[in-house]
Amino acid sequence: MRHAKLNKRLGRNRSQRKQLMRSLVRGLFISYSIKTTLVKAKQAGRLAEKVISYAKSAALKDIRAIDAILQDKALTRKVVSLVAPLSKDRIGGYTRIIRVGFRRGDGAQTAVLELTDMPEKTKKGKRPKAQKAKAVTPELPAQSAVLDEANEAAGRKDTKSKLRDKDESAPKPDRQDKNPVTERKLKPGKGMEKKRRPYADKGIIGKFKKFFDK
């Protein structure tokens with residue numbers, strides 16, 4: 001018989017249930033509000049209120065007890081220095097439970113567990129993007145004028161004009177030229193001249209060209 005056993009088993013053994021409660025309480029003190037099932041919220045709220053009552057006294061033995069539950073020294077300092085002073089005027093009721101409905105699938109009743117006195121969350125603003133400075137090349141008008149005069153005196157032409165002159169002077173290809181593949185020179189064979197096929201040197205047929213020529 002389970003007499004004087006007020007805790008719920010939650011379908012877990014002792015070590016799993018203990019670790020589940022620790023993770024729920026850690027999440028509560030990190031984000032100040034968590035959503036879970038109603039039964040888990042009730043069990044985690046009891047442990048969270050125990051942690052806050054230890055943090056209000058802030059004795060060495062109490063801080064060690066909090067650290068044994070949370071297993072996070074940075075989070076322990078946060079609870080002692082930030083969360084506990086907000087509840088110094090309260091005797092109890094450090095957490096509250098708000099029922100929010102039923103979960104899809106198994107139909108379990110869900111609830112939100114949150115701190116009654118929550119510290120204000122500071123929103124981190126976005127850092128302005130650093131503008132890259134464009135490299136400015138110094139202009140030297142005197143030197144550019146001297147170079148232009150020297151180029152004109154030497155009679156140099158622009159590269160674009162040279163290319164244009166080459167294109168105009170080059171002969172245009174005749175469109176009525178025959179296919180160079182079909183107009184290959186015929187090599188004389190042993191007994192007679194044989195036409196060389198255009199695909200003779202390509203692929204598998206090229207390997208066995210002597211066989212096909214027979």
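I am working with a predicted model, where local features need pLDDT of at least 70, side-chain atom pairs count only at pLDDT 80 or more, and totals for chains, interfaces and linings use all residues. Residues are numbered from 1 along each chain as its sequence is written, and side-chain values use heavy atoms, leaving out hydrogens and water.

**Helix 1 and helix 2.** I looked up how helix 1 (residues 14-31) and helix 2 (residues 38-57) cross: their axes come within 9 Å, at roughly 65 degrees. Helices here are DSSP runs of H or I with at least four residues, and strands are E runs of at least two, numbered from the N terminus. Axes are lines fitted to C-alpha atoms, for helices over the stretch in contact, with angles from 0 to 180 degrees between N-to-C directions. The pair is therefore roughly perpendicular (65 to 115 degrees).

I then listed the contacts (heavy atoms within 4.5 Å): Leu20, Met21, Leu24, Val25, Leu28 and Phe29 in helix 1 meet Lys40, Gln43, Ala44, Leu47, Ala48, Val51 and Ile52 in helix 2.

**Helix 4.** Next I checked helix 4 (residues 73-83), where Leu75, Thr76, Val79 and Val83 are buried. Lys73, Arg77 and Ser81 are exposed on the other side. Buried means under 20% relative accessible area, exposed over 50%, and partly exposed in between, with a 1.4 Å probe and protein chains only. The buried residues pack against helix 1, helix 2, helix 3 (60-70) and strand 3 (109-115).

**Lysine 78.** I found this residue in helix 4. Lysine 78 is partly exposed, at 24% relative accessible area. Leaving aside neighbours within four places in sequence, lysine 78 is in contact with Phe29, Ile30, Tyr32 and Val83.

Technical notes
Parallel < 35°, antiparallel > 145°, perpendicular 65-115°, else oblique.
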